[in-house]
Amino acid sequence: MRQAVVGLLAHVDAGKTTFAEAMLAAAGAIRSPGRVDSGSSHLDTDAMERDRGITIFSSSASLDWAGTHLMLVDAPGHVDFSAEAERTLAALDYAILVVGANDGVQGHTETLWDLLERHAIPTFVFVNKCDLENPGREELLAELSSRLSPGCVDAAALIAGDPAAAEEAAASDEAALDEYLESGALATDTLRRIVAARGVFPCFFGAALRDDGVRELLDGVSALLAERSWPAEFAARVYRVSRGARGERLAWVKVTGGSLQAKGQVAGVDRRGEPWAEKINEVRLYQGASFETVAEVPAGQICAVTGLSHVVPGSALGAEPEGVRPLLAPVLSYQVIPEPGADVSALVRALRELASEDPMLGVTWHEQLQEAHVQLMGEVQQDVIAELLRERYGFSVTFGPGGILYRETVTAPAEGVGHFEPLCHYAEARLLVEPLPRGTGVEFGTRCSTDELDLNWQRLILTNAMERDHLGVLIGAPLADVRITLLAGRAHPKHTEGGDFRQATCRAVRQALMDARERGECELLEPWYRFRLTVPAERVGRALTDLTRMAAVFEAPAASGDTARITGEVPASEVGEYALEVARYTGGRGRISLELAGYRPCHNADEAIAAAAYDPEADLPNTPDSVFCSHGAGHTVKWYDVPAHAHTTVDPARLRPYRPADAAFFSK
């Protein structure tokens, strides 16, 4: 039996969950379709999902149709949970993108389409709600072709062998075109191949609530799925981490090689680059909220397992290679405000546990302010986090106003040294901080000789460097896009303890950054959005004025009928509630779609730095100063005097630029 993991994705209110219920009911997997408005849908398994009528967490169910086994993964549709939707893509063989006929292609629809393209996932389109007022099938298909891809073709015509549809499909592939020119038609195997290669995107039309078009889609998907073989060596990828009904930790995985067995050992690498191995307790196959335990799951299928404490979404198991870096990420940071008298340390532990399920949560504890901050996509996600904290941990929290999540980097290499030598302690670390390309993150490595410092101390220094976010010295934002390299270090045979190198390492990074700041080589970065702005042609002037005021970089408007589309990039700090403003000045006919384009130099850095009023020397938990011992007592040496007092020197050869041959010494 052919099989595939098929994801269901859509803009909110496109009717995706209703469509999933109709598919399951048509295949006999459930007795009758549930309803979103009554809270009875089988795939919205969480109480918050049923209360709100939206999908927040991905869920799975299976069905059999026409000799094909389909494992459905229902991904969140609300933009606040688009990061969860993106993580789900790691499990998919195919996707079905649901578009509302009454709303057409929305901005978030285009974002999801771009993600599917980035992950190279073959995609079917189901145009839902065709029973409501809509422009008509031809007009809808034309919109799909212009807004998503020219490869969007009418599936009914394609499967029926309509010459025009076959010719349109054949144009996407040279071999298929030759076949069409010779025979005037395309074989089913050829259609399967070009669908799998994303040359063609079959589009189906119907109304899931009325069970219209659902069986035709199931017939089409089953007919057009291509066979796929999997490697014999075990491999799997974690695409979600959650909690079961009894509080047990669940890792949701797609098996991509060999088979996954209950009570078997699996291995991987944690976020610090350290290898781990653990035993799987249970292997579960879920059907909505219910599940059955099985002994083994073969490659090509999805399941949930218990017993894995090290994994996070995106973790690779066995022979699975490292995945692509997520595109969607929060750019707003919110303070988490507990009720008076709450145990703040317990709250931070709870938040970090939630962050192990959603790495994008980005929990930060500000020691000086005694405040916890989290990174979120928007207000709806705030409500979900607050509800999880209340239900699971008993905390009642509110959130402070959101602030832009800035980052800092360096524009030139900076050498720093940190020394920690109060009485009966000793450690010194000398580091090099170098700039990396945007979006690289932070890398770590060593060029220190083991003749100078034992390998176990070197590993400890790198572990200490990797286990925390290093803050910049402009506004105290997290450091990004740098490589931190150990150049030299020194330990004492009697007095050095592990914590001494933690102190020395952090002071070395800060001392390097302070030195870079003095030379004007620190840079403030801010998140930018990639945008698509569609407005009526007569409102283009207003749109261009707004974008210029927002410091956006954009292309010339592209006219299409009575509308115009403008694409470009804009600082996230300038966007605010502009989507509402667009709807207002266009009478509801305009829309803007946004996705994170990455971090760029801050467009108003001087203003942001002045507003932060950050004093890096007053940030005592992140001090750039060092502690030396003199006359039997430790004393503080200011950061600018530390190099003159340091006990280590460095061979200039170790300051050479990084080369690919060094790659084995670095880990992200």
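Trainee: Which residue stands opposite Trp528 in β31?
Mentor: Pro571 does. Bear in mind this is a predicted model, where local features need pLDDT of at least 70, side-chain atom pairs count only at pLDDT 80 or more, and totals for chains, interfaces and linings use all residues. Residues are numbered from 1 along each chain as its sequence is written, and side-chain values use heavy atoms, with hydrogens and water left out.

Trainee: How many bridges link β28 and β31?
Mentor: There are 9, and β28 (residues 522-536) pairs with β31 (residues 563-571) in the antiparallel sense. Strands here are DSSP runs of E with at least two residues, helices are H or I runs of at least four, and both are numbered from the N terminus. Two strands pair if DSSP finds at least two bridges between them.

Trainee: And what about β30 and β31?
Mentor: Strand β30 (residues 558-560) runs antiparallel to β31, with 3 bridges joining them. Ser560 has Thr563 as its bridge partner in β31. The two strands form a hairpin with 2 residues between them, and Gly561 in the turn has a positive phi of about 65 degrees.

Trainee: Switching topic, what's the strand order in the open sheet of 7 strands?
Mentor: The order is β2-β3-β1-β4-β5-β7-β6, with mixed pairing. β2 (59-65) and β6 (152-154) stand at the edges with a single partner strand each, so one side of each has no neighbour in the sheet. The twist averages 30 degrees from one strand to the next.

Trainee: What does β2 pair with, and how?
Mentor: β2 runs antiparallel to β3 (residues 68-74), and 7 bridges join them. Leu63 stands opposite Leu70 in β3.

Trainee: Now helices. Where do α8 and α9 sit relative to each other?
Mentor: The axes of α8 (residues 174-183) and α9 (residues 188-196) come within 10 Å and cross at roughly 155 degrees. Axes are lines fitted to C-alpha atoms, for helices over the stretch in contact, and angles run from 0 to 180 degrees between N-to-C directions. The pair is therefore roughly antiparallel (over 145 degrees; under 35 is roughly parallel, 65 to 115 roughly perpendicular and the rest oblique).

Trainee: Which residues make the contact?
Mentor: Ala175, Ala176 and Glu179 of α8, with Thr190, Arg193 and Ile194 of α9. Contact means heavy atoms within 4.5 Å.
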